[in-house]
Amino acid sequence: MLFRSTTSRGNDCIKTKRATSSEVNSLKTSSKKRERLTTGISGLDSMLGGGLLQGSAALVSGAPGVGKTTLGLQYLVTGASLGQPGLLVTFEEFPATLIRDADAMGWDLRALEAEGKLRLLFTSPEVFLKSLESPDSPLSETMHTIAPQRAVLDSVAHFQRLTSDRVELRHVYNSIVNGLKREGMTSLLLDEAARLLGPQYRYAGALPFLADALILMRYVEVDSAMRRAIAVLKMRGSTHAREIRSFSIGKNGVEVGEPFSGQEGILSGSPHRVA
Ligand SMILES: Nc1ncnc2c1ncn2[C@@H]1O[C@H](COP(=O)(O)OP(=O)(O)OP(=O)(O)O)[C@@H](O)[C@H]1O
Ligand SMILES: [Mg+2]
């Protein structure tokens, strides 16, 4: 079953026993063995230390129109070509719009759906959340048929509509992240960053803390021109690049370029040159 309700089993005892050296070695080996999934964007993969860790959930936070959906589609289309089916849950864009925009990038979403390599779900946060709590929901059944290994939620900002209570919202996000993980899916949670430019990114709400990785996409003004910048701010269980790189969107999707060099204050939105 795709999603099961959360249980607290396994979290109810605190182990105080010191790990033996063989246990430590086995942990080292298993973490070494943890597979990585390519995002389909080689520059981003290298920033992530080789790709997303299998079974992780990454938050992709970005300004309006910066390229979040494009990045998400690229991740799913790449997975489909590697035999890793994907699920795109969208709360705002009609599948027809997505299909048309993806077409412009040369990605045939309808064909991938027909081949069982992709599933587009246009739903509401309420219905999606209910389906997480109901193992027998049509959504779970449908998802079970293609056994997705990759998931993209576009966008998780819509869950804020469900409640104004911060604790409750944290529970909602927790259920989503855990639901996706339980099924071994490696997910991108697309999120809307309120600011286009301006002062530094602020962690708003619980999601940046719950996610395993945090990727920031934003606009920056450099030498009187608007550029796009990408950074990996966090990645659990892995090293990652600390640099801020430029990226562009072209006919093949997102392409990550070189780090901004000779500039300081890129993430502030108003960089200045350094000698
Ligand atoms: N074929 C294309 N060639 C070049 N750039 C494109 C192409 N298609 C889209 N873009 C660029 O991608 C941007 C939109 O990307 P996308 O929809 O992925 O952004 P988003 O962050 O998901 O936006 P939103 O916040 O509205 O959901 C456009 O603003 C445009 O600049
Ligand atoms: Mg979008």
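**Exercise 1. Where is the place of Ser155, and between which strand and helix?**

Solution. Start with the setting: this is a predicted model, in which local features need pLDDT of at least 70, side-chain atom pairs count only at pLDDT 80 or more, and totals for chains, interfaces and linings use all residues. Residues are numbered from 1 along each chain as its sequence is written, while chains are lettered from A and ligands numbered from 1 in the order in which they are written. Helices (H or I, at least four residues) and strands (E, at least two) are DSSP runs, numbered from the N terminus. Now find strand 6 (150–154) and helix 8 (166–182): Ser155 sits in the loop between them. Next, look at the backbone, where a cis peptide bond with omega of about -10° joins Asp154 and Ser155. Most peptide bonds are trans.

**Exercise 2. Is Asp223 buried or exposed?**

Solution. First, locate Asp223 in the loop between strand 8 (213–222) and strand 9 (225–235). Its phi is positive, near 50°. Then apply the cut-offs: with C-beta atoms placed from the backbone, 20 or more others within 10 Å of a residue's own make it buried, 12 or fewer exposed, and anything in between partly exposed. Asp223 has 8 C-beta neighbours inside 10 Å, so it counts as exposed. For practice, take Ala147, in the loop between helix 7 (138–146) and strand 6: its 14 neighbours inside 10 Å make it partly exposed.

**Exercise 3. Which helix gives the most to the shell around ligand 1?**

Solution. Begin with the residues near the ligand (C-beta atom, placed from the backbone, within 6 Å). There are 13, and Lys68 and Thr69 are among the closest. Helix 3 gives the most, with 3 residues.
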